[in-house]
Amino acid sequence: MQGALAPEVKAPTESAVAVSFEIRVRENATMLSRVADSLYWMSRYLERAENTARQLDVTMSLMLDAGNASAETRWQRFVAALGNPPDLEWSGDLDEMARRIVFDSSNHASVVYCVNGARENARQIREEISTEQWQRLNRLFHHIHSPEAQHQARVSMSDVLASILDGIHLFKGVSDTTMIHGQGWQFIRLGRYLERSYSTATLLEVFEPDLTQLSGLEWAGHEQARLEQTGQEQSGQELAGQEQARQEQSGFRFLEQVGLLRCCTAFEAYCQVYTADIDADRILEFLLLNRDFPHAIRYCVESTLHAIDSIQRTGGRRPPEELRASIGRLHAQLGFTTVGEILSGDAAAFLHSIRKQCMSIHEQIYRHYIQYSIQSALTV
Amino acid sequence: MSAGPTAELESLFGDYPLDHAFDEMRSPAGDIRQHYCALAETLARLPHDELQRRKQSADISFLTQGITFTVYGRDEGTERIFPYDLLPRLITAAEWERIERGLTQRITALNHFLRDIYSDARILNEKVVPKELVYSCRQFRRPMRGLQVPRNVYIAVIGSDLLRLNSGEFVVLEDNLRVPSGVSYMLTNRRVMKRTFPELFHNYGVRPIERYPQLLLATLRSLAPEGRPEPNIVLLTPGVFNSAYFEHTFLARQMGIDLVEGRDLVTHDNIVYMRTTDGLKRVDVIYRRVDDDFADPLVFRPDSILGCAGLFNAYRAGNVTVTNAFGTGVADDKALYAYVPRIIRYYLDEDPILPNVETFLLTEDKERKHVLANLDKLVVKAVGESGGYGMLIGPHSTAAQREEFARRIEANPRNYIAQPTLDFSRAPCLIGDRLEPRHVDLRPYILFGDKVSIVPGGLTRVALEKGSLVVNSSQGGGSKDTWVLQG
């Protein structure tokens, strides 16, 4: 089979070889710091827009089920997962709130603000990205600013969010297929995975109390203990009612947990690994420590490390030792631990430290590649 | 073969007006000029909707390529598609030969002039050009005195504006010796036109212009400081808000060089570096698209953040080439323009091949009186301005505007010149589904490194508004592809 399909390979002719020597090649693949900065932020902004759009979609669909969390609680949790940006206090009108988080360009957490930011960064480095990338991003930009999108939002916000997510996915696709996989592309990856590590860690931190306090059967025991503590006498009827309520509670809990997975597009991937047995410990394990799932923090950190190594290989004069050590430390932390260890310790603090480390990695990227002092660069 | 229009052409022409202004396509009697016959025949043969289809497909091509420019003074929609006309403007081999010789002569003389006034100032001492005119020019850069410029090339990248008068003769309206723009439109127009009229293009035998970016790169390389055999060449842009930003990105991409902003550059020990992800990298040649004023806050305007502090000292030390050199604006000053024929005679001992437009200097009492009395017939221009800003077009002006300009002229006569309102040539444009004549100029692009080279073509700018004489893109002008025909 292979023989039949493989095209005949011709050895290069003499003249082809001779010509290739005359072509001038730019001596190395380093790039302007400003350009790297713009690529990095273009990518971060798009990742952020994607994250916000998807979480909003999941939150709105969760609100359809009553559950024990009020709309306000859910909204607050959603806002907390975005890092508590200002001016998003619950007004009681979900549609209005949703429109604000999507279309209000004066709000720095909004999807449109992030898309604007990505496009503005791309515009400043128009010569560095491919035409396909520019056109995709432009199309997304014009779409989100179009009156049709506004109109569509009144009919179905979910459709608008889906079209925005599509646009972002298309952009990522053409970025991977039309751009040289050199330094610029690596800075795009750097922005994407650092932003994703950070936002997933934030999301898990917000959900952490729900996940760790009660898991599965423990919840029933907990409830029983609470009742016993209060010393209430219970009739058979009451017990039956509680049983039903408990069933329903666990139904809602299931929805919540699936919601968390869907915020990271992780539900189907999770099922492939663990089956549809949704369990808090496993969710945490999957989103934190999985090596192969692109939204898991460990995967993201590993990709960040790879990106830094590739950038180092194409540049090469100034080894980023401090930076590499920081990413390596976080990578090792995630690689050599178990979810049991995390849960038996202070899980909240662990998640918080991931966020802090991401911030510090960002600062070191800046110090090393973008805003270094002249003296430090001249001495190398 | 020169023939009267056929029935199909008649319908395309409609009531196409012909008057004393030179028409590029038709003789005063209405006949089609010989070199336009093939174009006319093609137009006549094309079904009407086919022409519109091609127009649309060309439109889309411009849109998706994002060929835009920025209009100042408006908040919204600052990116505009550069308007263009579908029909090419044709220039015969003989006409081009004269233009090419004329421009080579003119640019060579102007470069001599710049070298002279920034060193011995012979031409001023011999009173061929008045001292006051040069030293009072805002574009005269005192720090350039006595500075050795690589290969003595002050002006490496030039775009001169030509007009064709009633007689059919080309004249030079102005020389842009600072940072001429528009060459990207010349190149993209050609790319789109080749797709729009492939057969016609092929049959005409049009001379190619596509290697301009390569020529520009070779020109820049030839001006590199000595001892830098593999120079790092960059294009310095004021940034994304500049009206020609598209062109800057276009040229950088076409040449494969880095597009830098002032904030990317630092100087240390009189060497210019750019900040890269791999540390500082030495810069050898800067093709700058930033005006003198903004290039170095230590020497020029101190409030500029577009340039690079210390650039001028590095330049003076010979560690970096900046092109065009600083202070070249003194030679395209609109008042100095009147002296260019004398400058050509002085340095080259030749008569100018391309004449000037008659120009009144308002510092001369007699000429000023004449101008003030005839403001309604003349065009008055501020000498330091370009891009069609700060202009009075007499016949199209109101009495209030004329009074305002009269006042300004009296207050500062050195700042203005006046020229007769020119009936420059018109070329047919596709307006709606008809051909209508519109005023056009021609801006060829000249490169000066080892020698003067001009790609056969240029940007034909069109005053797309009916009757308008202003072709500047910032003032609602458009462009056409320019086909220089093989001999």
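How many salt bridges are counted between domain 1 of chain A and domain 2 of chain A? In this predicted model, the count is six. One salt bridge pairs A:Glu195 with A:Arg44, and the closest N and O atoms of the two are 2.8 Å apart. Polar contacts also link the domains, with 16 residue pairs found across the interface.

The domain assignment places residues 30-178 of chain A in domain 1 and residues 180-216 + 248-373 in domain 2. The C-alpha centres of these two domains are 20 Å apart. To their contact, domain 1 of chain A brings 34 residues and domain 2 of chain A brings 36 residues. Together the two domains bury about 3100 Å², and carbon and sulfur atoms account for 55% of that area. On the side of domain 1 of chain A, the most area is lost by A:Tyr40, A:Arg44 and A:Arg77, which together make up 20% of what that side buries.

Which helix gives the largest share of the side of domain 1 of chain A that touches domain 2 of chain A? That helix is H3(A), with 17 residues. By class, this side of domain 1 of chain A holds 12 nonpolar, 12 polar and 10 charged residues.

Helix H3 of chain A spans residues 33-63, and A:Glu50 is found in it. With a relative accessible area of 2%, A:Glu50 is buried, because buried means under 20%. Beyond its neighbours within four places in sequence, A:Glu50 is in contact with A:Leu165, A:Ile168, A:His169 and A:Lys172.

Terms used
Residues are numbered from 1 along each chain as its sequence is written. Chains are lettered from A and ligands numbered from 1 in the order in which they are written. This is a predicted model: local features need pLDDT of at least 70, side-chain atom pairs count only at pLDDT 80 or more; totals for chains, interfaces and linings use all residues. Side-chain values use heavy atoms; hydrogens and water are left out. Helices (H or I, at least four residues) and strands (E, at least two) are DSSP runs, numbered from the N terminus. Buried means under 20% relative accessible area, exposed over 50%, partly exposed in between (1.4 Å probe, protein chains only). Contact means heavy atoms within 4.5 Å. Domain bounds come from an automatic or database domain assignment. Buried area is the accessible area (1.4 Å probe) that two parts lose on being put together, summed over both. A salt bridge is a side-chain nitrogen of Lys or Arg within 4 Å of a carboxyl oxygen of Asp or Glu. A polar contact is a pair of N or O atoms within 3.5 Å; within protein, one must be able to donate a hydrogen and the other to accept it, and residues adjacent in sequence count only if both atoms are side-chain atoms. Ala, Val, Leu, Ile, Met, Phe, Trp, Tyr, Cys and Pro count as nonpolar, Asp, Glu, Lys and Arg as charged, and the others, Gly among them, as polar.
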